[in-house]
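This briefing goes through one protein model together with its ligand. The points are grouped by topic.

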Amino acid sequence: MQSSGRADQAQIQGPGNFERKRGRAEAGAGAVRTAVHADRLQNARICNLRRKKDMRIYEANDYQDMSRKAANILAAQIILKPDCVLGLATGSSPIGTYDQLVEGYNRGDLNFAEVKTVNLDEYIGLDHENDQSYYYFMHSHLFDRVNIDPANTNVPDGMAEDIDAECERYEKLIRSLGGVDIQLLGIGRNGHIGFNEPSDIFDKMTHCVDLTESTIEANKRFFASADDVPKQAVSMGIGTIMKAKKILLIASGEDKADAVAQAFFGPVTPEMPASILQFHSDVVVIADSAALSKCPK
Ligand code: GLP
């Protein structure tokens, strides 16, 4: 993504009009919602990004159903390209998906021997042994439960002495792996992806983030108190995320309904970071009925 200054990137208005089609998803995936965006986005001033014409939004019944559908897509990726690069996420949303992948591995359907992973983000100041670090999360929910080579797993180092150098290293690492084949994303209640918080610009590359009060508030449930939640994180940038060949966003529960509706049926604006995904050419959203409850019918 190329930027020509803050003003260019802020408040890209649209899309306004949508046609929505309801149909049947393949493989019994349930209802599929397709958003076809109006032409108003065509002239939006984001450089080098193709406007999305057809975004697939699959409706899942509940969290379990969402997790199974998301895991099916990741499993297909691993089967089709055993040495693929998976972009991975943390939070409550992907836990069920990881459980399903572990089940697939235990059944003998999935082999992680050649799979490589890059995680979206990490808190600054939490070491690997800290059970709230995303490194720890990934090992306990996925890496230690399948036959992945730990050397092929990557999480930004939130303990790096020079965080700017770490951001650069991470960005280069992703490039050296040949880019991300499929990026799994959750969505924050304020529309953040990774730790890209609402802002007046879309941050491009891996960078250091000051977490917003609303994110600290949302994530304090994992810590003893809000004061214990780190105030900063390292996160892939919006530009990094947008370079992934395919994006899979999952959302569950009513508290995500506003973010999902605004991200996929509202204007593309850095105030709603996930809205940038309307410009990605290959996005699948799997959300349960509660998370889709505020989307236009
Ligand atoms: C965190 C992570 C995000 C995640 C979001 C939503 O802030 N950095 O990557 O998507 O929370 O989390 P949850 O899935 O727990 O709602």
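The model is a predicted one. The protein chain contains 8 helices and 12 strands, and 45% of its 297 residues are buried.

**Strand S8 and its partners**
- Strand S4 (residues 85–88) pairs with S8 in the parallel sense, over 2 bridges.
- Glutamine 183 in S8 is the bridge partner of glycine 87.
- S8 also pairs with strand S11 (residues 246–251), again in the parallel sense, here over 4 bridges.
- Leucine 184 has leucine 248 in S11 as its bridge partner.

**Nonpolar core**
- The largest nonpolar core has 75 residues.
- Ile187, Leu249, Val260, Val285 and Ala287 are the members that touch the most other members.
- Helix H8 (residues 257–265) supplies the largest share of this core, with 6 residues.
- Leaving aside residues up to four places away in sequence, isoleucine 187 touches Ile193, Leu249, Ala251, Lys256, Ala259, Val260, Ala263 and Ala274.

**Ligand surroundings**
- There are 14 residues around the ligand, and Gly91, Ser92, Ser93, Gly186 and Gly188 come nearest.
- By class, the shell around the ligand consists of 9 polar residues, 4 nonpolar residues and 1 charged residue.

**Antiparallel sheet**
- Three strands form an open sheet in the order S6-S10-S9, with antiparallel pairing.
- Strand S6 (121–123) and strand S9 (207–210) are the edge strands; each has a single partner strand, so one side of each lacks a neighbour in the sheet.
- On average, neighbouring strands of this sheet are turned by 25° against each other, direction ignored.
- S9 and strand S10 (residues 232–235) run antiparallel and are joined by 4 bridges.
- Within this pair, valine 209 stands opposite alanine 233 in S10.

**Contacts along the chain**
- Among contacts in the protein chain with a separation of 6 or more, 77% are between residues 24 or more positions apart.

Technical notes:
Residues are numbered from 1 along each chain as its sequence is written. This is a predicted model: local features need pLDDT of at least 70, side-chain atom pairs count only at pLDDT 80 or more; totals for chains, interfaces and linings use all residues. A residue is near a molecule or strand if its C-beta atom, placed from the backbone, lies within 6 Å of it. Ala, Val, Leu, Ile, Met, Phe, Trp, Tyr, Cys and Pro count as nonpolar, Asp, Glu, Lys and Arg as charged, and the others, Gly among them, as polar. A nonpolar core is a set of buried Ala, Val, Leu, Ile, Met, Phe, Trp, Tyr and Cys residues joined through C-beta atoms within 7 Å. A residue is buried if 20 or more other C-beta atoms lie within 10 Å of its own, exposed if 12 or fewer, and partly exposed in between; C-beta atoms are placed from the backbone. Two residues are in contact if their C-beta atoms, placed from the backbone, lie within 7 Å. Two strands pair if DSSP finds at least two bridges between them. Axes are lines fitted to C-alpha atoms, for helices over the stretch in contact, and angles run from 0 to 180 degrees between N-to-C directions.
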